[in-house]
Amino acid sequence: MTNPHAPGVESSIMKSPDSPSPQRLLSLDAYRGFIMLLMASAGFELTRVSRLPQHLNSKLWQFIGYECDHADWVGCSLWDLIQPAFMFMVGVALTLSVANRRARGEGIGWTFVHALWRSLLLVLIAVFLSTDSKQTQTNWIFTNVLAQIGLAYPFLFLISFAPPRGQWLAAFAILAAYWLAFALYPLPPEGFNWKSAGVPDTWVHLKGFEAHWEKNWNIAARFDQWFLNRFPREKPFEFSNGGYQTLNFVPSLVTMIFGLRAGALLRGDLPMPDKVLRLCFAGTVALFLGDAIALAGLCPNVKRIWTPTFALHSGGCVVLMLAGFVALIDWVGWKKWALPLVVVGLNPITMYCLFQTMGGYIKDNVRRHFGEHAFEMLGTDYTKSMERAVVLAILWLIVFWMYRRKIVLRI
């Protein structure tokens, strides 16, 4: 537990060129809080609502339904940007964290040990949260966002000490190597039984060269069939129902490197308008490159296996989102509206763990105290949405209580 304004909370602190004392970038806390609230809302079940008969012909509801859920395979919705935003913010935070630790005189060796320890904790927490009450033993799975951050974090730490050019070269070398690994992996034999790989008959398969990035038949899926079965399991691992893979942390490392560069920019001494413009330019270029590669048929834009095109497309989107927060809060100075977001942004791990573990408990207790129909004030069609809204409100009140007492839990 720490005071959120103490130097120990490095994730949203920058050094002013005119003062040795650290200054908080409120926009980073607000951005982090926005993404966490978006995740903890579970989309308010609006995708389910959009599928109700009365909404099927509404273009607005269909738009909302798409944006509040993951794309089935190719494509990118708002919901698909939550994990990239987390990964990106880790990169931003690491730049500021390393700078502050250097300023305190901490050596690289000890700092790296701390990074390894943080990585291990994140992976173990992710495994713990991925194991539900119906399972009889530990569910060793590493596609959870915390696990992905934990797996990439030591590599990101080492890359953070490279000069800017080296960081950019590392990013594009990772994308090129990952693209090549998928492109060289052989396609399935003719007549392959896709059901054996968890792909239904109704699945719309990728065509031509893009088929190298098909669901559950790619080099990352093959790696998991080997790697995940090294751990004790209730039954052998065959495929991921959603198509997510452990090796996603490799290309998502590029998203984190984008965060390193954004953090370095924000920590620098350029005027705030110049920082915002550079973020906008970088985000637009990344978005353009990703979409151009996808349109050329060289690699589809798929979040579930974090294709290089998705790394670029999503990276551009999250950079532009950050630019918006920095412009409104740190440049224009509109800060008061961001308080509900900052409250969560200062305690993201707390909110994440509460969301993963307490949702059902809160719903049961609301019904226990206010009646079985407590969530039906808008009608039975919207019961699930009201459950999500009430749970989110209660979780926010918990972290607000912590905020008022200056309590921050971090790893």
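Tutor: Helix α7 runs over residues 164–184, and at 1.5 Å a residue its 21 residues should span 30 Å, which agrees with the 30 Å between its end C-alpha atoms. Helices here are DSSP runs of H or I with at least four residues, numbered from the N terminus, and the expected span is 1.5 Å times one less than the number of residues. Please keep in mind that this is a predicted model: local features need pLDDT of at least 70 and side-chain atom pairs pLDDT 80 or more, while totals for chains, interfaces and linings use all residues. Residues are numbered from 1 along each chain as its sequence is written, and side-chain values use heavy atoms, without hydrogens and water.

Buried in α7 (under 20% relative accessible area, with exposed being over 50% and partly exposed in between; 1.4 Å probe, protein chains only) are Q167, A171, I174, L175, Y178, F182 and A183. They cover an arc of only 160° around the axis, so they sit on the same side of α7; the arc is taken from the directions from the helix axis to the C-beta atoms. On the face turned away from that buried side, α7 carries the exposed residues R165, L169 and L184.

What covers the buried residues? Among the elements doing so are α6 (145–159), α8 (219–227), α9 (249–267) and α11 (308–331), where contact means heavy atoms within 4.5 Å.

Notes: Helix = DSSP H or I, 4+ residues; strand = E, 2+ residues; numbered from the N terminus.
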